[in-house]
Amino acid sequence: MRKGETTEDKVFPVCKTRALDKYIAAVYEHVVVVPDVTLTPVTPAEALRMMNINLDIIEKAVKEAAKKNAQIIVTPEDGLHGWDFNRETIAPYTEDVPDPQVNWIPCKYPQRFGPAPIQERLSCMAKDNTIYVVANIVDRKTCNSSDPQCPSDGRYYYNTNVVFDSKGKLVARYYKYNLYTGEEHLNPPKEPEHITFDTPFGKFGIFTCWDVMFYDPAVILVNTLKVDTILYPTAWLNFLPHLTAIGINSAWAMGMGVNVLSSNIHNTSIGITGSGIYAPDKPREYYYNMETDEGKLLISELDVHPQPSASYSVVDWKLYASSIKDFSPATDVTSVVIYSDEFLFMELAEAEGNASICHGDLCCHLTYHMVEKRKDEVYALGVFNGLHVAEGQFYLQICTLVKCKTTNMTTCGRPVETSSTLFKEFSLSGTFDTNYVFPEVLCSGVHLAPEIFKVLKDGRLISQSRVSSKSLLTATLYGRWYEKDSVKQFPTLSQQQN
Ligand SMILES: *[C@@H]1O[C@H](CO)[C@@H](O)[C@H](O)[C@H]1NC(C)=O
Ligand SMILES: *[C@@H]1O[C@H](CO)[C@@H](O)[C@H](O)[C@H]1NC(C)=O
Ligand SMILES: *[C@@H]1O[C@H](CO)[C@@H](O)[C@H](O)[C@H]1NC(C)=O
Ligand SMILES: *[C@@H]1O[C@H](CO)[C@@H](O)[C@H](O)[C@H]1NC(C)=O
């Protein structure tokens, strides 16, 4: 035996095979069949019938994904029961979800904790197709006056993600913490939960929809618990330019240096679409479709342990911007309110130039060169630096290049889906006080275009040579200064009831 060799090397050569370094993931954008809005609760049988309609559709997607060797599939928030409920009407759609520590395969022992038909079906789907299945249901937990926070109807209702492994075992249960408008019938958990689980293809963490805007639990899963992939069921209403599902999710994967498997509902009449399989270097697959009412199964290969390329851990976001000494701040500035935040915008009046605009301590710098300055399109450089106060309070630092909706500067930052202006180059940077900055680029038609930009280690978001093939809607550095969030992320249960 040579030096350095151990007996194990000789005896168990089979153990020397390399661990998995790639896996195949699937997400399903689902056209939810929603129950009619009622003020009186339906029977549990009727609720189950509704949810089984959605489960039938989802089961097809699960089978298809498994056939293509996907090891995990994510389905959207509200994907089985829909929305528009109050505390009475949600009741028949709920199911008690036990702590995964009980080690339960509902497909084998469906009655172990009382009737659980939804968990049974999901578990069987996972087991029969040998694939991890992620779904969103509503958990119900009874409580009484021994718990001072127990709601007056004696129940907690949680927006709950469940994960069944490829043998059908319940391996994760996550309660959404940052609830959104329309979820007044639900309860957040008392504290944010940090739910992770290990698989042969990496460590997974999970959260839901609006959670993506906050530090806890989303960022903690990545920078403290070191997950490789985030599972992200969502029901995300798109707000152009900065808050589209595909924009935020691709930027979050890049900014945090993790894979994100994001599954959204599909409902064009209420503006919900946008799912994707995102890696830190670029989106692998995504779907955004406001034209037709069709669901979509996305499948792609991912690294088990993705390498961060433009994340908070490798980029110094203000390095370049802080080095700029001789900038002259904008004089002709238009203020525009976008989603309750008052942005400042300056027009890019020439075909090329350098522009700077500041808001408090945040200065945004842009060097740009358009192929041609069109008369019918106006682009602007914008900045916002402040506490956002709608749907929770969170501190934003944003530098953004946008196409304005019309040539009137008061429309900069309003939703616009198409553009014709081509850029030869752009370079955007800002003097951020945070290292959590999410780079977001959207092109005409609301497309992601990873090939037209890159992030440098000095914090510049710059164009790549292929930029002039796509016209830009927005290029944004979306910064979150979490330490300044000051207030609790969501009103506590007792505050809610007051
Ligand atoms: C109240 O809830 C607690 C904890 O769930 C339980 O142990 C207790 O038996 C309940 N009391 C009544 C009167 O139901
Ligand atoms: C979209 O959502 C609306 C509002 O809840 C609902 O009435 C409609 O049936 C949904 N559309 C589809 C195609 O499911
Ligand atoms: C923009 O600034 C750079 C130096 O940072 C300078 O080389 C260039 O000429 C400027 N461009 C214009 C159009 O002013
Ligand atoms: C731009 O829009 C604002 C607000 O609608 C309006 O008051 C203003 O007159 C418009 N300016 C021009 C030049 O049309």
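Buried means under 20% relative accessible area, exposed over 50%, and partly exposed in between, computed with a 1.4 Å probe on protein chains only. The model shown is predicted, so local features need pLDDT of at least 70 and side-chain atom pairs count only at pLDDT 80 or more, while totals for chains, interfaces and linings use all residues. Residues are numbered from 1 along each chain as its sequence is written, chains are lettered from A and ligands numbered from 1 in the order in which they are written, and side-chain values use heavy atoms, with hydrogens and water left out.

**View 1. Helix 4 and its surroundings, residues 117-129.**
Helices (H or I, at least four residues) and strands (E, at least two) are DSSP runs, numbered from the N terminus. Helix 4 has 13 residues and spans 18 Å from its first C-alpha to its last, close to the 18 Å expected at 1.5 Å a residue; the expected span is 1.5 Å times one less than the number of residues. Its buried residues include I118, L122, C124 and N129. Among the elements that cover them are helix 2 (44-67) and strand 5 (155-164), where covering rests on contact (heavy atoms within 4.5 Å). Just after helix 4, T130 has a positive phi of about 50°.

**View 2. The disulfide of C107 and C124.**
A disulfide is a pair of cysteine sulfur atoms within 2.5 Å. Here the sulfur atoms are 2.1 Å apart. The torsion about the S-S bond is about 105°, so this disulfide is right-handed. The pair links distant parts of the chain, 17 residues apart: C107 is in the loop between strand 3 and helix 4, and C124 is in helix 4.

**View 3. The disulfides of C358 with C363 and of C364 with C399.**
C358 counts as partly exposed because its relative accessibility is 22%, whereas C363 is buried at 12%. The link of C358 and C363 is right-handed, with 105° about the S-S bond; that of C364 and C399 is left-handed, with -80°. C364 lies in strand 17 (residues 362-370) and C399 in strand 19 (residues 394-403), so the pair ties together parts that are 35 residues apart in sequence.

**View 4. N159 in strand 5.**
N159 is buried, with a relative accessible area of 2%. Its side chain makes a polar contact of 2.8 Å with the side chain of E77 and another of 2.7 Å with that of N136. A polar contact is a pair of N or O atoms within 3.5 Å; within protein, one must be able to donate a hydrogen and the other to accept it, and residues adjacent in sequence count only if both atoms are side-chain atoms.
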